Amino acid sequence: MLYFYILMRRFQFNDTRNLLSKLSVRRGWNALKVYSSFYLSRMTGKPIQWGYPISVSFEPTTSCNLRCPECPSGLRAFSRPTGMLEQSFFEKTIDEIHKDLLYLIFYFQGEPYLNPGFLDMVRYASDKKIYTATSTNAHYLNDKNAKKTVESGLDRLIISIDGTTQDVYEQYRVGGKLSKVVEGAANIVKWKKELKSKTPLVVFQFLVVKPNEHQVDDIRQLADEVGVDDVWYKTAQVYDYQNDPNQLIPELNHFSRYKKNSEGQYVPKNKLSNHCWKLWHANVITWDGLVVPCCFDKDAMHQLGNMKMQSFREIWNNENYRQFRKELMSGRRNIDICSNCSEGVKVWG
């Protein structure tokens, strides 16, 4: 186990080095402007934004093959339209923002591999020397897709695996097959070796909930057997955390976003200070071009712009964005999507 821990640290170092290799003078200067404007905003209490996003999340699709109990995709409970990201729209957007953009996440809601053009879009972004990452339930990582994934230039592949036995895994990943997840991960590991590729970094992400918390050590052993590069633990967002109807909040306090108050009721651990790094360095673009503040706005209720009607640069500093940042800095607790935010309580392996 100690060997596995040391090995993971080495892979993380290589991943960081890979990320830094994507830096250019322009991207570095943009990052400096973003950092400085964020901290100046905190000091003055006034929203100042000098740069453009360092990181952007693109939603390949809202569709998903599973039915996870705390996910709008899984519950088929979106209030917004569902669909697939069009490659032409994606490429047009990347052409506009790639010179300042360092990090691109191909995920918001849904299963990315259900979009038939997903890996072609990864390749397009990789060719622009943007660091690319995605999150998947790994049910579509057959041999062909695994080979194409490695060839696409994807830098980080996060595989959601929330159990080390089928009976535990399927309690959250409803409709999923653990054997397919393990097989998909093994296919990626195989093709990395076959193609002598250092990427993608392959991560097992373990969402810690009450049904699987007894397997937090077992997942490391499984990762070692499969040959993935790292294990990350993630805390679970529970919408109705006061009642926890699906009995998901773990008893292991270290892996929970929530704690009990003096009255024995669950409350978020996050203190919700009136600032948020996300609103300065990143945002989310839905499959149909809506720009929203972050991944907690799953139904796109806070639409800051529409990429089908405006350029990204126009949206990033428009009145909607300025007003949202101002409201966040004056009363973050009053913003609905912030009330259940995990900022400051994420747990990594």
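Guide: Cys68 is buried, at a relative accessible area of 5%. Buried means under 20% relative accessible area; exposed is over 50%, and partly exposed lies in between (1.4 Å probe, protein chains only). The model is predicted, so local features need pLDDT of at least 70 and side-chain atom pairs pLDDT 80 or more, while totals for chains, interfaces and linings use all residues. Residues are numbered from 1 along each chain as its sequence is written, and side-chain values use heavy atoms, without hydrogens or water.

A disulfide is a pair of cysteine sulfur atoms within 2.5 Å. By that rule, the count is zero. For Cys68, the nearest cysteine sulfur belongs to Cys71, 5.9 Å away. Cys341 is in no disulfide either: the sulfur of Cys276 is its nearest, at 5.9 Å. Cys341 is buried too, with a relative accessible area of 12%.

Now to the helices. Helices (H or I, at least four residues) and strands (E, at least two) are DSSP runs, numbered from the N terminus. Helix H6 spans residues 143-152, and its buried residues are Ala146, Thr149, Val150 and Ser152. Down the axis of H6, they fall within an arc of 160 degrees, so they line one face. That arc uses the directions from the helix axis to the C-beta atoms. Their cover includes helix H5 (118-127) and helix H8 (178-194). Just after H6, Gly153 has a positive phi of about 90 degrees.

Ser126 sits in H5 and is buried, at 14% relative accessibility. Contact means heavy atoms within 4.5 Å. Leaving out residues up to four places away in sequence, Ser126 touches Thr132, Ser152, Gly153 and Leu154. Ser126 and Leu154 are 28 residues apart along the chain, yet their C-alpha atoms are separated by 7.0 Å.
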